[in-house]
Amino acid sequence: MKTWWDSLSARERLLVAGGAALTVALLFYALVWQPFQANSRRLRHSVAEQRAELMWMRQAAAEIKRLEHANSTRPAGDGRSLLTLVDQTARAAGLGSALKRVAPQGDDKLSAQLDAVEFDPFIAWLGALERNHRLTIVNLSVDRTPAAGRVNARAILQGARP
């Protein structure tokens with residue numbers, strides 16, 4: 001290699017050195033600089049997305065706190081027993097025929113069993129119990145039945161604490 005280099009004229013040496021320098025610069029750009037820049041752009045975009053998500057989460061947390069405060073200031077109940085409340089609201093929601101068993105589970109809990117109940121009205125009824133009567137679903141088991149749109153459900157509900 002040295003003999004080949006020595007055999008070149010000064011002008012040829014300058015051209016070969018310039019070509020080598022240009023090749024090294026192009027390789028540096030293609031293998032180092034361009035991937036670095038692409039990764040940097042991707043990370044900047046990711047940070048912007050995560051900041052937007054954080055802002056949304058903070059707003060959602062504030063809304064949750066506001067709703068919890070509003071829920072805690074709502075009146076405790078209408079004086080009906082838990083058994084009566086569940087039975088009457090189930091019948092009012094059209095679930096009376098599916099309500100097979102309601103049994104107390106201590107002072108402030110009860111279990112309810114519904115067979116072949118339509119899923120959508122059942123879920124709406126559970127939501128109304130939580131929202132309007134401050135009952136909490138402690139445990140819920142739902143199994144599909146052969147009939148379309150119907151389920152067998154067992155729930156343990158807990159009454160609101162004063």
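**The sheet and its helices**

Mentor: Four strands make up an open, antiparallel sheet, ordered 1-2-4-3. Strands here are DSSP runs (E, at least two residues), helices likewise (H or I, at least four), all numbered from the N terminus. Two strands pair if DSSP finds at least two bridges between them. Strand 1 (99-104) and strand 3 (136-144) are the edges, each pairing on one side only. On average, neighbouring strands are turned by 10° against each other, direction ignored.

This is a predicted model: local features need pLDDT of at least 70, side-chain atom pairs count only at pLDDT 80 or more, and totals for chains, interfaces and linings use all residues. Residues are numbered from 1 along each chain as its sequence is written, and side-chain values use heavy atoms, leaving out hydrogens and water.

Now the pairing. Strand 3 and strand 4 run antiparallel, joined by eight bridges. Aspartate 143 has asparagine 152 in strand 4 as its bridge partner.

Next, the helices. Helix 3 (residues 82-92) packs on the sheet and touches strand 1, strand 2 (109-118) and strand 4. Contact means heavy atoms within 4.5 Å. The direction of helix 3 makes about 165° with that of strand 1. Axes are lines fitted to C-alpha atoms, for helices over the stretch in contact; angles run from 0 to 180 degrees between N-to-C directions. Helix 4 (residues 119-133) lies across strand 2, strand 3 and strand 4, at about 155° to strand 2.

Histidine 133 belongs to helix 4. Histidine 133 lies 9.8 Å from leucine 82, C-alpha to C-alpha, though they are 51 residues apart in sequence.
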